[in-house]
2 protein chains.
Amino acid sequence: MRKKNSAPTMKDVALEAGVALGTVSRVINGCSVGEPYRQKVESAIKKLNYQVNSYAQGLKAERTNTIAFLIPNTTNPYFALLTHYIAVSLQRRSYRMLLCCTDFKRDLEQEYVSMVHRNQVDGIIGLTYNPDLVVDANTPFVSIDRCLGPSIPCISSDNFSGGQIAAEKLYSLGCRHLAFMRISSSLTNEPNKRKAGFENGCMIYGMTYESLLLEDGDELEKEIPRFLEEHITDGKLAFDGIFCGTDTVAYILLKALSRFGLSAPEDVQIIGFDGIRYLSEYDHVCSTIVQPVEDIAEMCVEFILQESMSTKPPLICLPVHYEAGGTTKE
Amino acid sequence: MRKKNSAPTMKDVALEAGVALGTVSRVINGCSVGEPYRQKVESAIKKLNYQVNSYAQGLKAERTNTIAFLIPNTTNPYFALLTHYIAVSLQRRSYRMLLCCTDFKRDLEQEYVSMVHRNQVDGIIGLTYNPDLVVDANTPFVSIDRCLGPSIPCISSDNFSGGQIAAEKLYSLGCRHLAFMRISSSLTNEPNKRKAGFENGCMIYGMTYESLLLEDGDELEKEIPRFLEEHITDGKLAFDGIFCGTDTVAYILLKALSRFGLSAPEDVQIIGFDGIRYLSEYDHVCSTIVQPVEDIAEMCVEFILQESMSTKPPLICLPVHYEAGGTTKE
DNA sequence: TTGTATGCGTTATCAT
DNA sequence: ATGATAACGCATACAA
């Protein structure tokens, strides 16, 4: 008589089928087994509704088929998108995803990194903000948007090019004096290169620009209107094109503009960054530099599942592209 | 990219500390141990950087401290919000969350349900769409927004009240002839009650209304403008208030209205449902019936972690409230 | 090919 | 209080 609550084990199946334990194991793992045995085992499995216990399995195999994903939250649209594609990418390979929301907390980020040593996950994909994050050299870790060290691959968009493309595009659309606004991270991460790329583009085309650099804690809803006010003379903006560090900044900017009776692309052309959508594929926030989120996700998963990577590339930049979204004069 | 040299075990610690295996286990689990022993063990743990192997632990304990969360995707803002709060809620209790994106696929939903039998998770919280989903009676399962059976708790907002409140509110704001639009699910789920509540509210106040009931696959971006066109005479809408089944529908509606040169709340007042925000706490999509997402998440987690399931309430409706968001004349 | 026995890292139950 | 040892469920090397 089996214990009441616990699920049937291989032993139970073996007993039921009248075969040895090893035979059951072989059937489960698809090894060659005599046909009459196989049938007996399979019917016993069905009868008992047997399922392998992945903990016993993991104990032997030292692998969990689970990857931890570290992300501040899932409410930010870009993070949500990233989470989605990474989840899908892992699923396609029959891997599970442990979602770890860090809420930008440094200690939480660090704590999750140690999970891998507790054999709870096979590896970690992380978009982290802890500047002092310590990742052991033999901890399988793939970083998004931030370089953590030579032994840790970092996957990112080609942010520099993105910024430059934005400047070029605005120029080709007739803009001559621009503005740039973003939330600057004190951290040195890849997205910060958007600014450099933009500046480079402006330089090439001989354009000048105003900058609004916001801090992490600043309220965009207040700072952006203030900035606009400073640059409005007789109801007219001092610049004819704006590059926003992210689409969310562009979104807030658009709302702020409407309160001044201004709108894009009529009064000013706007290009954002990220390529997020609100609801459907067609629901653009603004004209924007689209990050290849799906490719980024795929690349992260590829690398984290790579068993032996003799040469780990430190930084991979994936190509971005411009996409019109109603805030430019196309 | 897997670990090469396997992690130290309790055995290694015992050897290093010169004590027995059981003693190490007792130190780890906080049982009473003689002080000199404890110190020897603790320094050995530190020296070897020992971490318990949760798989061996899980093998004995038959629990994983992990809950699976089934959700179609994380890109829909409401799903993203739900995911976020459930993740936080589980984290607070030191539980891990396995994120399972089902993409509305019935077989995927069903497959994940069996995970619990493979001892891979302790329980499941699911927002599912498979009408034939089979959930074993002794599978710890908490459903969101859809009743699956008497033994499975369903957590939801009070959707009926929400619909009624919307009608009442529009009436008190001066509306007399309304419209209702939603994506109707063929499934019988809780959100469908929003319509019944709305109708009830209209009846009480003697209001008439037009309905736009969309199918799952319909493109809102086309159907909504068509509906508006049918009800516009000389640039004026046939109704003065609209209740949308979700905020996302309201969002698309707002965009469609602007293309007709109409806007809310001037030309028509709009109330949505969900209470999603775009970026910050202040960034409303529309006036709306706010779902208590945080409470829903908390309640789900409470129930799934409830060991003794003697009293399982079949359906719990949590109170919603109205919140102005710029598309009503407050 | 099939059966048997051992070990994975922990916890729990024994003696000591 | 501490040490030895037997499970837990599975995979596998080895014996038959």
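Student: Which residues does A44(A) touch, not counting residues up to four places away in sequence?
Tutor: This is a predicted model: local features need pLDDT of at least 70, side-chain atom pairs count only at pLDDT 80 or more, and totals for chains, interfaces and linings use all residues. Residues are numbered from 1 along each chain as its sequence is written, while chains are lettered from A and ligands numbered from 1 in the order in which they are written. Residues touch, or are in contact, if their C-beta atoms, placed from the backbone, lie within 7 Å. With residues up to four places away in sequence left out, A44(A) touches V13(A), E16(A) and A17(A).

Student: Is A44(A) buried or exposed?
Tutor: A44(A) sits in helix α3 (residues 35-48) of chain A; helices (H or I, at least four residues) and strands (E, at least two) are DSSP runs, numbered from the N terminus. A residue is buried if 20 or more other C-beta atoms lie within 10 Å of its own, exposed if 12 or fewer, and partly exposed in between, with C-beta atoms placed from the backbone. A44(A) has 21 other C-beta atoms within 10 Å, so A44(A) is buried.

Student: How far is A44(A) from I183(A) in space, C-alpha to C-alpha?
Tutor: In sequence, A44(A) and I183(A) are 139 residues apart. In space, C-alpha to C-alpha, the distance is 61 Å.

Student: Which residues does N65(B) touch, not counting residues up to four places away in sequence?
Tutor: N65(B) lies in the loop between α4 and β1 (66-71) of chain B. N65(B) has 17 other C-beta atoms within 10 Å, so N65(B) is partly exposed. Without residues up to four places away in sequence, its contacts are S94(B), Y95(B), R96(B) and D122(B).

Student: Which element gives the largest share of the side of chain B that touches chain A?
Tutor: Here 43 residues of chain B are in contact with 48 residues of chain A. On chain B, two or more residues each come from α4 (54-61), α5 (77-92), β2 (96-101) and α10 (247-259). The largest share, seven residues, comes from α5(B).

Student: How many residues on that side of chain B are charged?
Tutor: Ala, Val, Leu, Ile, Met, Phe, Trp, Tyr, Cys and Pro count as nonpolar, Asp, Glu, Lys and Arg as charged, and the others, Gly among them, as polar. The side of chain B that touches chain A has 19 nonpolar and 17 polar residues. Its charged residues number seven.

Student: Are α4(A) and α4(B) roughly parallel or roughly antiparallel?
Tutor: Helix α4 (residues 54-61) of chain A packs on α4(B) at about 150°, with axes 8 Å apart. Axes are lines fitted to C-alpha atoms, for helices over the stretch in contact, and angles run from 0 to 180 degrees between N-to-C directions. Angles under 35 degrees count as roughly parallel, over 145 as roughly antiparallel, 65 to 115 as roughly perpendicular and the rest as oblique. So α4(A) and α4(B) are roughly antiparallel.

Student: Which residues of α4(B) make the contact with α4(A)?
Tutor: From α4(A) come Y55(A), A56(A), G58(A) and L59(A). By class, the contact has six nonpolar, two polar and no charged residues. From α4(B) come Y55(B), A56(B), G58(B) and L59(B).

Student: Which strands stand at the edges of the six-stranded sheet in chain A?
Tutor: The sheet is open, with mixed pairing and the order β7-β6-β10-β11-β12-β14. Strands pair if DSSP finds at least two bridges between them. An edge strand has a single partner, so one side is left without a neighbour in the sheet. The edges are β7 (208-214) and β14 (321-323) of chain A.

Student: What is the bridge partner of M181(A) in β7(A)?
Tutor: Strand β6 (residues 177-183) of chain A pairs with β7(A) in the parallel sense, over seven bridges. In β7(A), the partner of M181(A) is L212(A).

Student: At about what angle does helix α8 of chain A run to β6(A)?
Tutor: Helix α8 covers residues 193-204 of chain A. This helix lies across β6, β7, β10 (241-244) and β11 (269-274) of chain A. Its direction to β6(A) is at about 175°.

Terms used:
Two residues are in contact if their C-beta atoms, placed from the backbone, lie within 7 Å.
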